[in-house]
Amino acid sequence: MKPNLKKITQYRLFLPILCLVLVLLINIIKTPTFFQLSIRGGVLYGYIIDVINRASELVILAVGMTLVVAASGGTDISVGSVMAVAAAVSCFCLSGGQVSVTSYAMPWVVGLIAALVVATLCGAWNGFLVANMKIQPMVATLILFTAGRGIAQLVTKGQITYIRVDSYKYLGNFIPHVPLPTSIFVAILVVILTNMMLKKTSLGLYIQAVGINKDASRLVGIRSKRIIFFVYAFCGFLAGIAGMIASSRIYSADANNIGLNMELDAILAVALGGNDLAGGKFNITGSVIGAYTIQALTTTLYAMGVTADQVPVYKAIVVVIIVTLQSEEFKKWFAKMMQKNAERKLAKTAVGA
Amino acid sequence: MKTLKQKKAFNETSFLLKITITLFVVMYIIGMIVFREKGFAHFQTFLNLFISNASLIVIAAGLTIVMLTGGIDISVGSCVAMYCMMLANMMERQNMPATPAVIIVLLTGVLFGFVQGFLVSYLKIQPFIVTLAGMFFARGMTAIISVDMISIMNKQFLGWAQNKLFLPFGGYVNRKGIMIKPFIYPTVIIALVTLVIIFIMLKYTKFGRKIYAIGGSEQSSLLMGLNVRKTRLLAYVLDGFLVGIGGVLFCLNTCSGFVEQARGYEMEAIAAAVIGGTLLTGGVGNVFGSLFGVLIKGTIETFITFQGTLSSWWTKITIAALLAFFIILQSLLGSMKFTKKKSSC
Amino acid sequence: MQDDIMLSMHGITMTFPGVKALEDVDFTLNKGEIHALMGENGAGKSTLIKVLTGVYQMDSGEIHLEGVDHPIQNKSPEQAQEIGISTVYQEVNLCPNLSVAENIYIGREPKKHGFIDWKKMNAMASDLLKKLSIDVDVTVPVGHYSIALQQMVAIARAIDMRCKVLILDEPTSSLDEGEVAKLFNLMKGLKEHGVGIIFVTHFLEQVYEVCDRITVLRNGRLVGTFTTEELPRYQLVAKMMGKDFDDLASIKSLRTHKPSEDTVIDAEELGHRGTIKPFDLKVRKGEVIGLAGLLGSGRSELARCIYGADKPDEGDLKVKGKEFSSSHPIDSIHSGMAYLPEDRKKEGIIGDLSVKDNIIIALQAKKGTFHLLSKKDQEKFADEYIDLLQIKTRDRDTPVKSLSGGNQQKVIIGRWLLTQPDFIILDEPTRGIDVGTKTEIQKLVLQLADKGTSVMFISSEIDEMLRTCDHMAVLRDGTKVAELNESQLDQKTIMATIAGGSK
């Protein structure tokens, strides 16, 4: 029995799956109808669907953040702001500069591409600062964190721009005749395509190598700078997608609120996923599970009467607990305590004998 | 026996500081010219920089201290909001007199700084992650204390807040022929006195010099026998205390507590410190530079206000642009330093 | 304690898990003497110093210091400093952002009315340095000054703290000739004041220039303490390398091919500032060239310069007849080079990755991002080399960091062999490997050479190189000083060339 238990706990996805199960249990206790599904108007409804739906942006951000953490040991705190920028660019293009429109000024695809290009450029800017100028990631991404929403505001000229066109709402809601929310498909697609990119090229290997040992990676011929630049640009790109989804949900660009606080959620998802925030080996599946766990946790907290503004307290505590458990110093102290305990027990038995 | 003589080498501290001060002076002069009509040149405009930013001055000083050790604290904005809410809550909902409320806030600041400092210094967790968690914790706590806005009516507190101190000089006569005297609030005096104390501490006490030392090289400091962990912890504790003071000053300005207060404040403080010449890598910087960083931010804000039509977001963008400029400048200077060594005769 | 003895260490033993770093070592330092502490890799010099300065606590032994009645046991660098033992490390441990004066006085600044008295501190620092014939602006951040000056400042700090014993750990590695001369003058001055100086170094010339006595350690044991005058260079080198082994069977008879006349590597005046002076070197196809010299003589640096790990500042390099300049190691790999680094932990293994990933990674980089090796191929290659090199691992997916040092080394060798290079540099490939495998690797080197691959072989064990090399380059003190062709390859000649000098 014992060796099996050890094997299970060492399985890489143990921590994230455990957390998810715990949170789902709490959810079920609070809301017995949690897993209930019903069909209304050709569309699936239920608490669980809601959780998975709302988690989509976070899942997408978490994928990008995982790679950033893995390759550079740093975090990108501008993702929320970049979402806002993407949303603003999209709405600006599609509204042709108006505050509220009922038909597209340009084809939807143009808005999409513009948003993604700008978002990727934001990521590239971050990548440039970190890879080429060798600035610490947190500080480098601080700039867009500060300026991003301002830029988004400027693009929409300080107003919330509304796109009251039905097809715009498809992305964040439902495509006609499809029973599941679109964002779920987008999230899954992002995860699958990213996985393919990482596994069908040597990028997955390179990112890990660079994160684990930059010097050795360089000597074996890996261009570390390019890899680091790439992950930040890619993270920006994904933030763009998330921004499009968020914008579609509210069929507008609200520069102040889109993506608000999502940076901590993304980092938390990566940490919950069993990834080491200092970089190196990574596990996207873990981060994805982490993202859904956080969304489920948020739902639980809401069910307990905690408001949206108050939820961050609990998230902060969870983050601190996880990084403490991950820290080398704590592990050392813990090992010493266990050893002392064992020695004490041994002494006791010796005395007793 | 030959002697080694060295020319006075390029000192980047004073270089960066000079750029900052020059920038401020230039901007202010431009303001005086462009907004001549609107009274930019009045002394009061200059004093308003201090009045609006008294809190930021103190907080930027706290942030400078932490950055000198090579760390950072992005929880300051949320903490300010939390402290304002605490003050409002204690005075209005718990009917506490102003003084004990203020003391409790200051003690909370110390405690908060201690916890963050412990995680950074003894558990060696990245300061960014610790203070990011702190930021969300504090902001959430603010909402837990109260989701609604609380206005402060406490007479004593309002008395402190609204106590205009008129200055005997620098006044002007307005169109109606009345002499308008310039004024400041006690918050300004508290801010400046705190700044001077911190400056003296950093320059003239062992503790202050240890802060510079551990930011310059942690390993060397250890080998020279300095207690690095304790010094770093105390730096965060001091920062927490200063954020407490800053929170009180901020509250004296707004006389209310609400959830969205001081959002983005940490960025302004960090920008002020960086623009003021504090290196992100630690070991270099001083609080007077940060003061000028704050004044520059204040000047930009004043421009925007006087201009009237630009959205206030322009302030944030300009600050971010300046921040980017200075960060890149610091990075370039850093790489230059190593290529210019080797100078003996 | 005798009158002229400053420090005596007796019976020092220090064990780490699995390794006896020091065994029953004695060391005595006289007053007013400059005493060299020498030894190759793993000799135990740095462990001895760390025991003395309180970084480590020794297992057994006694240390006595002049002026202290009882045996001393330093529990921390701070303590050691307090009783008068100061160390100046190779990576000068000063705070570059603080001024010269501050670095000297940090932690013990002079005060006035409770506040630091800057004026007094600066004056004191200036005076102190003037006494050492150094006239500099003490208010400038010390990081602006050259390493040489920083070292002087570090020494000044030690002196001001009234040290009795001054330990200089590889102080001259980053200094040019003029700076070294100044340092020696300073040391001689200290000598006259009765300070005992322990000079840890591997620069032979400098030892003979300035040291009174020499202590040699090898494999954690004391070889002996000698007066410089009485110990000829050749003997010193012999003692350091422990060359009293008997003749070993020559496996060279297994060679089937002779090196061809084609040149694979042609370096002209190639150099890298600060690590290796410009050198010329030609390597033929199918040749095994050894680099001989003491630790620190520049062997690894020369190899790194050719590979491009350290981009050369000057000179030209031709690879297989074509002009070559590398902007990134990937260029070197594409041109057919391979490099097994000396420090496998820092630059070799990618610890958390599996054995398989570590083996295929260089080949993957060579093939490019979009040409991923198929899982099948990856597994095939990994298994091939696990088998060939007898790598002991649970399976190919085990993280490489959990393997023993020797097996890790084999993984990296396998990594490079997989790329089928034309020219492979092996820097200490047999370090930490059991004897049986050492021989396997040496045989492997010969096989490679027979197949036409050129090998650059760096080893601290001359016998290994003797058994495999066609040709040898000898380095000393950061410069290539000689080349030995096949007829000259015997122990005596090699060691004499390494030692150099008139003795």
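The structure is a predicted model.

We begin with the place where chain B touches chain A. Here 32 residues of chain B are in contact with 33 residues of chain A. On the chain B side, three helices, α5 (127-145), α11 (265-275) and α13 (313-339), each supply at least two residues. The largest share comes from α5(B), which contributes 11 residues. By class, the residues of the side of chain B that touches chain A divide into 25 nonpolar, four polar and three charged.

Within chain B, two further helices illustrate how such elements can pack. The axes of helix α8 (residues 206-216) and helix α10 (residues 228-254) of chain B come within 10 Å and cross at roughly 105°. Angles from 65 to 115 degrees count as roughly perpendicular, and α8(B) and α10(B) are therefore described as roughly perpendicular to each other. From α8(B), the contact is made by B:Phe207, B:Lys210, B:Ile211 and B:Ile214. From α10(B), B:Val228, B:Thr231, B:Arg232, B:Leu234 and B:Ala235 take part. Six nonpolar, one polar and two charged residues make up this contact of α8(B) with α10(B).

We turn next to chain C and its sheet. Six strands form an open sheet in the order β18-β19-β20-β15-β21-β22 (chain C), and their pairing is mixed. At the edges stand β18 (337-340) and β22 of chain C, each with a single partner strand, so one side of each is left without a neighbour in the sheet. On average, neighbouring strands of this sheet are turned by 20° against each other, direction ignored. One pair may be examined in detail: strand β19 (residues 423-427) and strand β20 (residues 454-458) of chain C run parallel and are joined by five bridges. In this pair, C:Ile424 stands opposite C:Val455 in β20(C).

Just after α17(C), C:Gly500 takes a positive phi of about 65°.

Key
Residues numbered from 1 in each chain as written. Chains lettered and ligands numbered in written order. Predicted model: local features only at pLDDT ≥ 70, side-chain atom pairs only at ≥ 80, totals over all residues. Axes fitted to C-alpha atoms, helices over the stretch in contact; angles between N-to-C directions. Helix = DSSP H or I, 4+ residues; strand = E, 2+ residues; numbered from the N terminus. Parallel < 35°, antiparallel > 145°, perpendicular 65-115°, else oblique. Contact = placed C-beta atoms within 7 Å. Nonpolar A, V, L, I, M, F, W, Y, C, P; charged D, E, K, R; others polar. Pairing = 2+ DSSP bridges.
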